[in-house]
Amino acid sequence: MFINYEHENNVYNVTVERRKNNYYVTYDNSEYKVEAEEIKKGHMKIKIGDRIIKSIITEGDKEKFVFVEGNVYKVLPIELTGIKKSRKKKEEGDLSSPISGKVVNVKAKKGDKIKKDDVIMVIEAMKMEYIIRSPYDGIVQKINFKENDQIEIGEITAEVKKK
Amino acid sequence: MFKKVLIANRGEIAVRIIKACQMIDIKTIAIYSDVDKKAPHVQIADETYNLGDPTPVQSYLNIPKIIKIAKEAEADAIHPGYGFLAENPDFAKTCLDIGIKFIGPKPEVISLMGDKIAAKKTMEKAGVPVIPGYHGSKQDTKSLVKEGEKIGFPLLVKAAAGGGGKGMRIVHSKDKLEEAIEGSKRESKSSFGDDTVFLEKYLDKPRHIEFQILADEHGNIVHLFERECSIQRRHQKIIEETPSHIMTEKLRKKMGDAAVKAAEVVGYTNAGTVEFMVDKDQNFYFMEMNTRLQVEHPVTEMTTGVDLAKWQLKIADGEKLILKQKDISQRGHAIECRIYAEDPSNGFLPSIGVLEKVQAPNGPNIRDDSGIYTGLNVTPYYDPMLSKLIVSGENRDDAIQKMIWALSHYAVLGVTTNIPFLRKVVEHPEFKKGNTTTHFINNFFKDWTIAKKGLPIDAIISLAVYDSMHTKKQEIVRYKESDPHNPWRHMGRWRIGGKEGE
């Protein structure tokens, strides 16, 4: 059986085959012969040579979570189209809100010439303030929110034309 | 003793207090907002009352609503926990007026200590050392900038009514001062309804060391040693321990006496904490007094054997402290790590979602004060702290080693947590050496992100085996009959987990 896992924008191609009491996992040109049991739901005990892997796997809506050696990895099993899903990466000069909250202060207005790191607006969430600063020198084209507006995570706070 | 206590809080602290009550046969009343219907404190309480709308102001901060429930449920006393209404003098006063015991100090003491400026002046008068700064009434930005320049840089802008780092700013140079003052005032106004700020000298290599106090209503006061809480992010503690690495018998005596004195001069009753800053030369300065049970109280409990929550109940009921200062001793070393739903790689922004799996470590002297369980939904309404992991060992090294083990066996899946980050901090050589200052996170973990080394082979094998186990048998058979060396022939045909097309 052939599976693709996506993790942090990388795709891992894995094959796994069950023969008698063993699983044969192939990844990156290496084959691992393991014995495995699911002790209770999602709790895996896997014997590989003289080493034992203990892990916990849970399934979310789309993604799966693996807990191994104290770390949590989130993976997305992906459809076998053979094409890597391209995710939009955060561009340099991102002006999106890092959090859902309330706009408590707007420092810049349309037409303002601003410098890199100048404060554009201040968002408050969970009683903390998050400051949106200009990522570069430029001119403010548009401010998308006013004071006391609710803003959601990922929404674009303002548009600044790079000088 | 009280028959019934209402716990005006949620999360792990509500759970902690409910258990303390139940252990001494007091019935408990839990209150909960609409998003907390299935919260653990609601599950374990003897009676539960719904507060409705989850926004804090409409729920856990809503004094009339909570008082109405307390009357209706015939509560003898209210325990406020920490946060929310714990340090609200109006709430304490309202309780007093209607004859329900507020488990904490008197309203006027809360009031005095809540006003950080008045608190400092009181302490200064009593001979307790305080940090140089401006605590005056000239609150316009221009005057404050002038005062700030007098104190010099770096300096700290703090909200007079603040706590938990809210409204706090460090300023390193003159040109950033105005922005910091304005920001602090705004944050303070929206959090506490008061925009008074003060300025103070920012200390070199400061440690945050606080003393636990217990004071009964008959004039007996003891301290239960120190806790060092220097490891902070965004001015909020994340790791606390006792004893402090720099503590000596002499310094402990001096600071302990000062803490008792501080409690004495204000007529303090119940459990409280006197916070000090200690500089590199072991000078200590009074910071503030927290008039409630602290988040980090378990490290004191783990090393002294004293149940602080239980004593809060007893003291509030009028019992005398039978603990004498000379009888209180500390054994071993305890560390607490606060587990937050937040992303340390991304400015510690809170994360929300369903906890797909929660499994806490257990073992000798490992304590998990938790407000979560598998399946719980973490919402954006309240503080993102999920639980507290506390361990104690024979000495500091032993406790650190145990904490590393415990953190690496703490499984929280579904939302991003700070567990891997906490482990990195505890494993850090400077932490191990005890070189902990309030700048620790900034100095050593400023732009910390989780090392993106990709999926380790153990995770890949686990996933593959798991998926193989959970794939429908007929699909495996079909797979075996085909050419196993050409997996691409099966493109689009294999459904992972057997959920679709069954």
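1. Of the 502 residues of chain B, 51% count as buried. A residue is called buried if 20 or more other C-beta atoms lie within 10 Å of its own, exposed if 12 or fewer, and partly exposed in between, with C-beta atoms placed from the backbone.

2. On provenance, this is a predicted model, in which local features need pLDDT of at least 70 and side-chain atom pairs count only at pLDDT 80 or more, while totals for chains, interfaces and linings use all residues. Residues are numbered from 1 along each chain as its sequence is written, and chains are lettered from A and ligands numbered from 1 in the order in which they are written.

3. pLDDT is the predictor's confidence in each residue, from 0 to 100. Chain A has an average pLDDT of 84, and 89% of the residues score at least 70. Over residues 81-92 of chain A the pLDDT stays under 50, and the model has 8 contacts beyond four places in sequence for this stretch. Two residues are in contact if their C-beta atoms, placed from the backbone, lie within 7 Å.

4. Overall form of chain B. The C-alpha trace of chain B spans about 90 × 55 × 45 Å along its principal axes. A compact globule of 502 residues would have a radius of gyration near 23 Å, and the 25 Å of chain B agrees with this. The radius is taken over C-alpha atoms, and the globule rule is 2.2 Å times the number of residues to the power 0.38. Chain B holds 17 helices and 23 strands. These are DSSP runs numbered from the N terminus: helices are H or I with at least four residues, strands are E with at least two. Among contacts in chain B between residues at least 6 apart in sequence, 65% join residues at least 24 apart.

5. Which residues make the contact between the chains? Chain B gives 50 residues and chain A gives 58 residues. Elements of chain B that give two or more residues to the side touching chain A include helix 8 (177-192), helix 12 (396-408), strand 23 (411-413) and helix 17 (473-481). The largest share of that side, 12 residues, comes from helix 16 of chain B. By class, the side of chain B that touches chain A has 25 nonpolar, 15 polar and 10 charged residues. Here Ala, Val, Leu, Ile, Met, Phe, Trp, Tyr, Cys and Pro count as nonpolar, Asp, Glu, Lys and Arg as charged, and the others, Gly among them, as polar.

6. Helix 8 of chain B. The 16 residues of this helix should span 22 Å at 1.5 Å a residue, and its end C-alpha atoms are 22 Å apart, which agrees. The expected span is 1.5 Å times one less than the number of residues. Buried residues in helix 8 of chain B include B:Leu177, B:Ile181, B:Glu182, B:Lys185 and B:Glu187. B:Gly193, which follows helix 8 of chain B, has a positive phi near 70°.

7. A sheet in chain B. Four strands form an open sheet in the order 6-9-7-8, with antiparallel pairing. The edge strands are strand 6 (133-134) and strand 8 (169-171) of chain B, each pairing on one side only. Two strands pair if DSSP finds at least two bridges between them. Strand 7 (residues 155-159) and strand 9 (residues 197-201) of chain B pair over 5 bridges; B:Val157 has B:Leu199 as its bridge partner, and B:Ala159 has B:Val197. Strand 6 and strand 9 of chain B are joined by 2 bridges, with B:Gly133 partnered by B:Glu200. In strand 9 of chain B, 4 of its 5 residues are buried.

8. Strand 5 (residues 43-48) and strand 6 (residues 51-59) of chain A run antiparallel, joined by 6 bridges, and A:Ile46 has A:Ile53 as its bridge partner. Their hairpin has 2 residues between the strands, and A:Gly49 takes a positive phi near 60° there. Strand 6 of chain A is also joined to strand 7 (residues 64-68) of chain A by 5 bridges, again antiparallel. A:Ile56 stands opposite A:Phe67 in strand 7 of chain A, and this hairpin has 4 residues between its strands.

9. B:Ala14. This residue lies in helix 1 (residues 11-23) of chain B. Why does B:Ala14 count as buried? B:Ala14 has 27 C-beta neighbours inside 10 Å. Beyond its neighbours within four places in sequence, B:Ala14 is in contact with B:Ile7, B:Asn9, B:Ala30, B:His41 and B:Gly81.
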